[in-house]
Amino acid sequence: SSISEPGTGVSRAFVFNTTLGGPLFSVEASTTQHDRHLIVTSDGNIYSRVWGTNLSQQILKSTGLSLADGKTHQLVFTMGSNGGTKIYVDGALVVSGSRTGSDFNWGTYHRIGGSADANVGASSPQSFNGTIDSYRSWDTELSSAQVTGFSPLPNPVHAYEFNSDTTDTGTSPASLSLYSGI
């Protein structure tokens, strides 16, 4: 189904595990129009790209992570005027940037487990190799205090739990296991 996401004031969280890496996410309007990529690189780091007009796009890549270790991890991406772009892994801030929003405001699809950027600077395959247990998104920028530590994240606008019956649980993600120190 179609999801129209604001260009700023957004957050998303993934619970996943992999030994090979690959794309977790992008916002898309078509296969040639895409943005807000999140990719676990083959060396176990995070790659992100947020598009901007006039060559103002921002590419972030973490260093020193080992996310392709076959263990379960939680990644949280936030973007907005309170902190710019931030990526947290297992409750710790791992990379940040200054973009407070994306100029790509016509994307209507959340592509989970794929990204057209997967082979652009990230050395990863076109599809995620591993398991994505859940995806949650908010139309607000979560604060550092909400993301770090062991408190459950607030109820999301959209929540997907991936099993034999993958469905959007809307604003009632009771079946999702929230972050508790994985």
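User: Is Asp 43 buried, exposed or partly exposed?
Analyst: Asp 43 is partly exposed, because its relative accessible area is 44%. Note that this is a predicted model.

User: Which residue does Asp 43 form a salt bridge with?
Analyst: The partner is Lys 61, and the closest N and O atoms of the pair are 3.7 Å apart. Lys 61 sits in strand S4, while Asp 43 is in the loop between S2 and S3, so the pair links distant parts of the chain, 18 residues apart. Lys 61 counts as partly exposed because its relative accessibility is 39%.

User: How many salt bridges does the count come to?
Analyst: The count comes to one salt bridge.

User: What stands opposite Lys 61 in the strand pairing?
Analyst: Tyr 47 does. S3 and S4 (residues 58-61) run antiparallel and are joined by four bridges.

User: And S3 itself, which of its residues are buried on each side?
Analyst: Ile 46, Ser 48 and Val 50 are buried on one side, and Tyr 47 and Arg 49 are buried on the other.

User: Changing topic. How many residues are in the largest nonpolar core?
Analyst: The largest nonpolar core has 22 residues. Those with the most contacts inside it are Phe 14, Phe 16, Leu 24, Leu 38, Ile 46, Leu 75 and Phe 77. Strands S1 (10-30), S2 (33-40), S3 (46-50), S5 (73-80), S6 (84-89) and S9 (129-138) each give two or more residues to this core.

User: Which strand gives the largest share?
Analyst: S1 does, with five residues.

User: What is Leu 38 in contact with, leaving aside its neighbours within four places in sequence?
Analyst: Leu 38 is in contact with Arg 12, Phe 14, Pro 23, Leu 24, Phe 25, Tyr 47, Ser 48, Leu 75, Phe 77 and Ile 87. Another core, of seven residues, lies apart from the largest one, and its members include Ala 13, Trp 138, Val 147 and Leu 153.

User: Which strand is S5 joined to by six bridges?
Analyst: S5 is joined to S6, and the two run antiparallel. They form a hairpin with three residues between them, and Gly 80 stands opposite Gly 84 in S6.

User: Which side chain does Gln 74 meet in a polar contact?
Analyst: The side chain of Arg 136, at 2.9 Å. Arg 136 lies in strand S9 and counts as buried because its relative accessibility is 0%.

User: Where does Gly 9 lie?
Analyst: Gly 9 lies in the segment before S1. Its relative accessibility is 16%, so Gly 9 counts as buried.

User: What does Gly 9 touch, not counting residues up to four places away in sequence?
Analyst: Gly 9 touches Met 79, Gly 80, Thr 100, Trp 138, Asp 139, Thr 140 and Glu 141. Gly 9 and Glu 141 are 132 residues apart in sequence but 4.5 Å apart in space, C-alpha to C-alpha.

User: Last one. What is the mean pLDDT of the chain?
Analyst: The mean is 74, and 62% of the residues reach 70 or more. Over residues 164-182 pLDDT stays under 50. Where pLDDT is low, the predicted coordinates should not be read in detail.

How values were computed
Residues numbered from 1 in each chain as written. Predicted model: local features only at pLDDT ≥ 70, side-chain atom pairs only at ≥ 80, totals over all residues. Heavy atoms only, no water. Core = buried A, V, L, I, M, F, W, Y, C linked by side-chain atoms within 4.5 Å. Buried < 20%, exposed > 50% of the residue type's maximum accessible area, 1.4 Å probe, protein only. Contact = heavy atoms within 4.5 Å. Pairing = 2+ DSSP bridges. Polar contact = N/O pair within 3.5 Å; in protein donor to acceptor, adjacent residues only side chain to side chain. pLDDT = per-residue confidence, 0-100. Salt bridge = Lys/Arg side-chain N within 4 Å of Asp/Glu carboxyl O.
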